[in-house]
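Take a look at the protein shown here.

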Amino acid sequence: MIRPYILAETNWNHLKDEQIDLAILPWGATEAHNYHLPYGTDNYQAQSMVESAAGISWERGKKVIVLPTIPYGVNTGQSDIYLDMNLNPSTQLAILKDLVTVLNRQGIYKLLLFNGHGGNNFKPIVRELGLLFPDMFISFCFFPPMLDKSKYFKEEGDHADEMETSLMLYLRPDLVLSKDKWGSGRAKKFKINAYNEGWAWAERRWSKVSSDTGIGNPEFASSEKGERFFNDVCEKLDELFCSLCNADLEDLYG
Ligand SMILES: [Zn+2]
């Protein structure tokens, strides 16, 4: 069935008379995820979440449109990991400038970037775009902090961990290797503690931190955990989509 709120699926026949309030752009990455998850993990996750949440919002009468997912992200710290692809932050700005130009010209003034990859940092980019396009309201969200992960998963992690493995077991079990192939996701920390405490930051040289490219133990992952987390993310996302559709851009504060 053609979903009218997915730009890649819908058609001119439908869109010529439509008035969209909110565009949503999923943005992922193409990179190794431990031994057992596909390189497109971040894209599968981000796109499924956005599509599913947008479906709920659409059913509630909200005029949302999901733009095609951008499948490459910032992977500057993984340059020595085979076929990890990289888009520089400056390239992301250039891409967004072009896409926002289209939306701005056509009167779609609300854009939400849905980030599916920890290496993407849209804050400075959104600031810069905001100056260039004063009529636009551009914002972004990143799904792992949307919920308290400890209520869903036993082990902490931030890459190809229990959460990501659970999500992929739920969304695309056909693309997850059998459990005997899963690495431990054991990762080293900085010797300089300030970086571990979070108030100082440096990029991690990924291949020196993890031998299987994972950070976080996937051992206790399950499809059921993935489903629960996925549904709760979508429920919250739908609320954000609806609030954005309803929002008066001249009256955002109170
Ligand atoms: Zn990932």
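Two strands pair if DSSP finds at least two bridges between them. Strands (E, at least two residues) and helices (H or I, at least four) are DSSP runs, numbered from the N terminus. This is a predicted model, where local features need pLDDT of at least 70, side-chain atom pairs count only at pLDDT 80 or more, and totals for chains, interfaces and linings use all residues. Residues are numbered from 1 along each chain as its sequence is written, and side-chain values use heavy atoms, with hydrogens and water left out.

**Strand β3 and its partners**

- Strand β3 and strand β4 (residues 137-142) pair in the parallel sense, over six bridges.
- Phe137 in β4 is the bridge partner of Lys110.
- Strand β1 (residues 22-27) also pairs with β3 in the parallel sense, again over six bridges.
- Which residue stands opposite Leu112 in β3? That residue is Ile24.

**How covered is β3?**

- Buried means under 20% relative accessible area, exposed means over 50%, and partly exposed is in between (1.4 Å probe, protein chains only).
- Strand β3 spans residues 110-115, and six of its six residues are buried, so β3 is largely enclosed by the rest of the structure.

**A nonpolar patch on the surface**

- Tyr39, Tyr72, Tyr82, Leu83 and Met85 form a nonpolar patch on the surface. Together they have about 540 Å² of accessible area.
- Patches are made of residues with over 30% relative accessible area and no salt bridge; like charges are joined within 9 Å, and nonpolar side chains (Val, Leu, Ile, Met, Phe, Trp, Tyr) within 5 Å.
- Accessible areas come from the Shrake-Rupley method with a 1.4 Å probe, and for residues only the protein chains shown count as cover.
- Leu83 belongs to the loop between β2 (64-66) and α3 (89-105). Is Leu83 buried or exposed? Leu83 is exposed, at 52% relative accessible area.

**Salt bridges**

- A salt bridge is a side-chain nitrogen of Lys or Arg within 4 Å of a carboxyl oxygen of Asp or Glu.
- How many salt bridges does the structure hold? There are eleven.
- One of them joins the side chains of Arg60 and Asp238, at 2.4 Å from N to O. This pair links distant parts of the chain. Arg60 is in the loop between α2 and β2, and Asp238 is in helix α8 (residues 223-246), 178 residues apart. Asp238 is buried, with a relative accessibility of 5%.
- Another joins Glu51 and Arg3, at 3.2 Å from N to O. The pair also links distant parts of the chain: Glu51 is in helix α2 and Arg3 in the segment before α1, 48 residues apart. Glu51 is buried at 12% relative accessible area, whereas Arg3 is partly exposed at 25%.
- Lys16 and Asp17 form a salt bridge too, with their closest N and O atoms 3.2 Å apart. Lys16 is partly exposed at 41% relative accessibility, and Asp17 is exposed at 65%.

**Polar contacts**

- A polar contact is a pair of N or O atoms within 3.5 Å; within protein, one must be able to donate a hydrogen and the other to accept it, and residues adjacent in sequence count only if both atoms are side-chain atoms.
- His36 sits in the loop between β1 and α2 (41-59). His36 is buried, at 1% relative accessibility. A polar contact of 3.0 Å joins the side chains of His36 and Thr165.
- Asn11 is in the segment before α1 (12-15) and is partly exposed, at 31% relative accessibility. The Asn11 side chain reaches the backbone nitrogen of His14 at 2.9 Å.

**Positive phi angles**

- Asn34 has a phi near 50°, a positive value in a residue other than glycine. Asn34 is in the loop between β1 and α2 and is buried, at 5% relative accessible area.
- Thr213 has a phi near 75°, also a positive value in a residue other than glycine. Thr213 lies in the loop between α7 (206-209) and β6 (215-216). Thr213 is buried, at 13% relative accessible area.
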